Amino acid sequence: MARAFLFVLDSFGVGGAPDAAAYGDEGADTLGHIAEFCAAGAADRAGLREGPLSLPNMSELGLMQIARSASGRFPSGMPVPEKVYGIYGAATEISRGKDTPSGHWEIAGTPVSFDWGYFPIEGDAFPQEFIEALCRQADVPGILGNCHASGTEIIARLGEDHIRTGKPICYTSSDSVFQVAAHEVHFGLDRLLAFCRLARGLLDPYNIGRVIARPFIGQSASTFQRTGNRRDFSVLPPEPTLLDRLIEHGRHVHAVGKIGDIFAHQGISRVIKANGNEALMDASLSAIDAAEDGDLVFTNFVDFDMIYGHRRDVPGYAAALEAFDARLPEVHKKLKPGDLVVLTADHGCDPTWRGTDHTRERVPVIAYGPGIRSRSIGVRRSYADIGESIARHLDIPAGSHGRSFL
């Protein structure tokens, strides 16, 4: 048998989505624009990083060729290696959204063919009858926010009012999501999670994909900071995913980071929580050690999206990519004959783009392991090809939506 390790660099898009204009994202290119800023010296930050974007390990696995196939050009300032050691290509999303569940479910072989529900941009974001029912059942005096907002901005703006009034901060984005920020001490973490569970049930008729608990600490706008106790409450995927099929065939799925939440804990054998990309890599390496023949380790590296993409922090995003790339040799050293590593993303979040939301982009597909022959797989028509390739590698029956590139 074999093992598979699937790492999602959350929001690491490579541009070129053919339908980007329909989402207002024509020209968005997370990798390309980060590299452009770095090459121009516009992503230098004292004590953090400087100079052109340096991703030597992913470049040797085909990242430069991926960028050119997806968006038509090599990233600025990044050398193109003479030899490539991995399977490399890009994938186009066919799901009707640019959100986390849609991207991950499609990676796992189950595209989203329906339209999510979304909240209006102008005026109050949430239906009055929903808010009244939620506040009544949760026994809170009301909510703050009720709008589209950046999470860090709205906590800074309304956090002190939240502590004073006991009203949770509720907001949304261009995704199908209801987000709730509340203070871990003054409001209470358990109370926040209970509030979000109530919201999850009440929002099902509106077809909202996720409810996210965003706990924070601190005593003033200048000291508020979000904690690592975020929790996502997702609806179930519309049909069985790769994860369900693996469980059905007696395999184990090790879900690292927020993967368990994204799949509503369906098709998961073991949940491994960690806070931050470095800790997520540490947890992934430990999961690799524990994985048995036929198992899947599935990790989401959330910092790229949550901390750097949404906050439009180009130097931070670049430094995080360089830090991830530097740790890839640790993964290489743990591989056994028959192992397969896949690096990809679930959408884009171009930190140079307008607004603070995700961007519709193609994603990289890198696959490598002992005995894997290097080659281009071109631009795949669906992220589902990733899941079907892992299914083939782990020797379970094929699904109905993607096509293996192995």
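Buried here means under 20% relative accessible area, exposed means over 50%, and partly exposed lies in between (1.4 Å probe, protein chains only). This is a predicted model, in which local features need pLDDT of at least 70 and side-chain atom pairs count only at pLDDT 80 or more, while totals for chains, interfaces and linings use all residues. Residues are numbered from 1 along each chain as its sequence is written, and side-chain values use heavy atoms, with hydrogens and water left out.

Begin with the salt bridges, of which the structure holds 23; each is a side-chain nitrogen of Lys or Arg within 4 Å of a carboxyl oxygen of Asp or Glu.

Select Asp-10 and Lys-258, whose closest N and O atoms are 3.4 Å apart in a salt bridge. Asp-10 is in the loop between strand S1 (4-9) and helix H1 (30-39), and Lys-258 is in the loop between strand S9 (253-256) and helix H9 (259-262), 248 residues apart. Helices (H or I, at least four residues) and strands (E, at least two) are DSSP runs, numbered from the N terminus. Asp-10 is buried at 0%, and Lys-258 is buried at 8% relative accessibility.

Next, select Asp-29 and Arg-73, a salt bridge with closest N and O atoms 3.4 Å apart. Asp-29 is buried at 3%, whereas Arg-73 is partly exposed at 39%.

Move to helix H6 (residues 151-165), where Arg-157 and Glu-153 lie four residues apart. Their side chains form a salt bridge of 2.7 Å, N to O.

Finally, select Asp-175, Arg-210, Arg-230 and Asp-232, which are linked in a network of salt bridges.
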